[in-house]
Amino acid sequence: MTFVVDRGLYPFESHFFTLPSGVRMHYLDEGDGPPVVMVHGNPSWSFYFRTLVQAMRGAYRVIVPDHIGCGLSEKPDDRRYRHTLEQRIDDLEALLGHLGVTKEITLIAHDWGGMIGMGYVVCDPSRIKRIALMNTSAFLLPAMKPFPWELRLTRTPLGALLVRGLNAFARGAVARCVAKQPMPAEVAAMYLGPYGSWGERRGILRFVQDIPLYPIDPAYPIVKQVEDTLPRLAHLPLLICWGSRDFIFDDVFLSAWREKAPHAEILRFPDAGHYVLEDEPDAICAAIQSFCLHNTSKPKTAQSTTRPPQENSLHDHRNIAAALVQIAKEHPDLLAVAMPQGREAGGSIRYARWSYAELDAISDQQARGLRRLGFQPGMRTVLMVPPSLEFFSLVFAMFKAGLVPVVVDPGMGLRSLKACLGDARPEGFIGIPKAHAARIALGWAKETIHHFVYVGRRVGRVGDTLDEVMLAGQGGGPMLHAPAPFETAAILFTSGSTGIPKGAVYTHRHFQAQIKTIRETYHIQPSERDLCTFPLFALFAPALGMSAYIPEMDASRPAKADARKIIQAIQEQSITNLFGSPALLRVLARYARSQPTQLPSLRRVISAGAPMPPSLLVALQPMLAEGVEIFPGYGATEAMPLCTLGSQTTLQETRFATDQGKGVCVGHPCVDVTLRIIAIRDEAIPKWSDDLVLPTGQIGEIAVKGPMVTHAYLHNEKGTALAKIHEGSEIWHRMGDLGWLDEQGRVWFCGRKSQRLETAKGPMFTVPCESIFQTHPKVHRAALVGLGARPNQTPAICIEPLDPKDTQDERWKALESELRTLAQSYDITQPIVHFLPHRSFPVDVRHNSKIFHEKLTAWAHTLLGPWVE
């Protein structure tokens, strides 16, 4: 039966080209502009790309061939045509050569079309501008993936009979390759139409038979060559759109892509199938159009060391180290970083200092040394070095060399550390001897780490010292890896304060967006002086043109800092910017109560990590000059900064609502941040809908999008699915925080979603309740916990008094009585049944400020378990 094309569904003009082999190939050639080549898989044809062709032909020249034996192309027998991967790559080469399409090509491919397309790319990568792939492979079958039985069956005589006699393969694809809803009958007819007879199904059978499983298979050497070449294609922008409900190219393949192409931007659609473009046409069309729009520069070589041009757009993907290079050029003698080195004779702090020119030159030399000693671009490398001159130079050396720093908090605990490094699968490890000793003794990522650098004395015989890195880096020009737009820049692990730490995947775009937002939000000027009390924020100081002073403190224990040393550094060096966690600022405030202190040089104080109670702002404000504000910023490792509010507004206005149980106001969203409050849900939300958004005044989950919002967690598909919502090519991040918006558009923080209580009388939220008790003059901190299971939890409030002696029997009874009276004054705290004294709350490692409610809940259960209904 002759196939009649439904031009309503396929509204394109057909073109034909006779290949050198003498068979006729059908293709589409739509629109004008830069060339876009789409390569289909099996058993589909150019019809698969119909929506994408229509979306792109207005701005591009879109070329879509039908492979020989597929779609509207000729379907010759085996005597006239070799149905092999090598031949199909040659066919694509011949067609594009005939059409004069030989450069600046955007390649888009699906299924086995990805293998054909990538085979074409490998022949001459200079022809390619960017690549977008959907549910495909460019490598041999992953070790953890068994060959699907459906495909194995087709390689048997019975399977061949089913494919060619009953059209079982094409019919199976129509039924199983879409996942969200059944394929409409008219669409299914178009997929099946070209394969209406025994002879017309030869090509789709040969496709499956050509999949290489063993070295003797004809396509095996080609696939192996493509796989081996993938690391050298990291300079090409790569977008991967992935349907996870694919019974062939499943998430095992996606994990392999993450390993083999770590620079790729990945859009995962949890509810989409193999024909992902059928299940998610709007989102994928928008994503690919955005990908093409934002990757318009000429490809760079993978090993390039040239300085990229300056950019100022939201899509700036320059290497974050480019800012250091620029400042070193313009202000070579400006102080970059200073490290305390004891005391001068008069008691002032003595510093070792590097100028921007010195930091640039030293990090260049270290970058050259790392590369010459085997570290390669894209190599995930753990950095475990405390704040120091070497810490700053190594971070920028890693960025310049194209390495991907993996940053974890050493204080998160040995078990969490091992889990994080196991998930990260690093290949390199740079650390002080103590870190290496722990790595060796505890087996951190021992299966994957093969490159070692010791910052200090070498432990054992394997690896190089930093001195040897410097020696290897002598001689040569400046180093600055030129990243692809979506290339991974760093892996920053969350603190794990509300669960298992997760590795947020950062690109250079995210870092550039953060610098832009910090500069514009806080009006930071070049040549300012920053006291770097938090290592991650310290990295921004050189990028912002500030002089970074390292304080005399253990950065992992800010609550134990010596206030006198912090204040001395601020006063002696005329520090203008102080970033500190609430725990550190509380240390300063406590000191100032007994020793009145003035810090007139400070232009601002920025805090993050946990909400700051108004009482702390009141205690700190007298230390600052008139008009200088404290900014308790709001954000997360995955997305920062997001909101900010000055202390004057807090103290003059919002603090009173906080004390009344309305939550903590964190201010308006920062520039370029879009923020919404959505309905509270614990399950994944794959696709954005405006129906999720709650009205003003209603408490829900905070969701954000913007250029500083990361898109995924490393090797954590479940965590990514739970935290990310796709809206076309954009990603919303679910903060896991609860809050509400007031009529002025300000955000009020109400605690973590996972820590909310669900009682028989309704939900209860931590921060509003805790804020009420923290107004009591004897209370340091309060923590609301739920006993029992949702939705019938019993509320209990844990109290950490300012004076630990208030936890003792008689003193606690008096304080408890006052707190119970306070609780009855507010509707939201009246349901609280149990009041529990605690001498010192467990808090997070990173900021010493976030309360571990989960640990307090377990502790409360041990005390009250038998009495909890």
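# Reading a predicted model

Me: Does C769 count as buried or exposed?
Reply: The relative accessibility of C769 is 2%. The cut-off for a buried residue is under 20%. C769 therefore counts as buried.

Me: What kind of model is this?
Reply: Every value here is computed from the model. The model itself is predicted.

Me: How many disulfides does the count come to?
Reply: A disulfide is a covalent bond between the sulfur atoms of two cysteines. The rule asks for two cysteine sulfur atoms within 2.5 Å. By this rule, the number of disulfides is 0.

Me: Which cysteine has the sulfur nearest to that of C769, and how far away is it?
Reply: C769 is in no disulfide. The nearest cysteine sulfur belongs to C750, and its distance is 9.7 Å.

Me: Which residues make the nonpolar surface patch of about 330 Å²?
Reply: One member, L161, sits in helix 5, residues 157-166. L161 counts as partly exposed, because its relative accessibility is 49%. The patch is made by L158, L161 and W198.

Me: Which residue in strand 6 is the bridge partner of I105?
Reply: Strands of a sheet pair through backbone hydrogen bonds, either parallel or antiparallel. Strand 5 and strand 6, residues 128-136, pair in the parallel sense over 7 bridges. The strand 6 partner of I105 is I128.

Me: Which residue in strand 5 is the bridge partner of V36?
Reply: Strand 3 also pairs with strand 5. The sense is parallel, over 4 bridges. In strand 5, V36 has as its partner T106.

Me: What is the phi of D111?
Reply: Most residues other than glycine have a negative phi. D111 is not a glycine, yet its phi is positive. The value is about 55°.

Me: Where is N167 found?
Reply: N167 is a residue other than glycine with a positive phi, near 55°. N167 counts as buried, because its relative accessibility is 2%. Its place is the loop between helix 5 and helix 6 (168-176).

Me: Which residue does a cis peptide bond join to P43?
Reply: Most peptide bonds are trans. P43 lies in the loop between strand 3 (35-39) and helix 1 (50-56). Omega of the cis bond is about 10°, and the residue joined to P43 is N42.

Me: What is omega for the cis peptide bond that joins M640 and P641?
Reply: P641 lies in strand 24, residues 639-644. Omega of the cis bond between M640 and P641 is about -10°.

Methods
Residues numbered from 1 in each chain as written. Predicted model: local features only at pLDDT ≥ 70, side-chain atom pairs only at ≥ 80, totals over all residues. Heavy atoms only, no water. Patch = residues over 30% accessible without salt bridge, like charges linked within 9 Å, V, L, I, M, F, W, Y side chains within 5 Å. Areas by Shrake-Rupley, 256 points an atom, 1.4 Å probe, with all protein chains shown as cover. Salt bridge = Lys/Arg side-chain N within 4 Å of Asp/Glu carboxyl O. Helix = DSSP H or I, 4+ residues; strand = E, 2+ residues; numbered from the N terminus. Buried < 20%, exposed > 50% of the residue type's maximum accessible area, 1.4 Å probe, protein only. Pairing = 2+ DSSP bridges.
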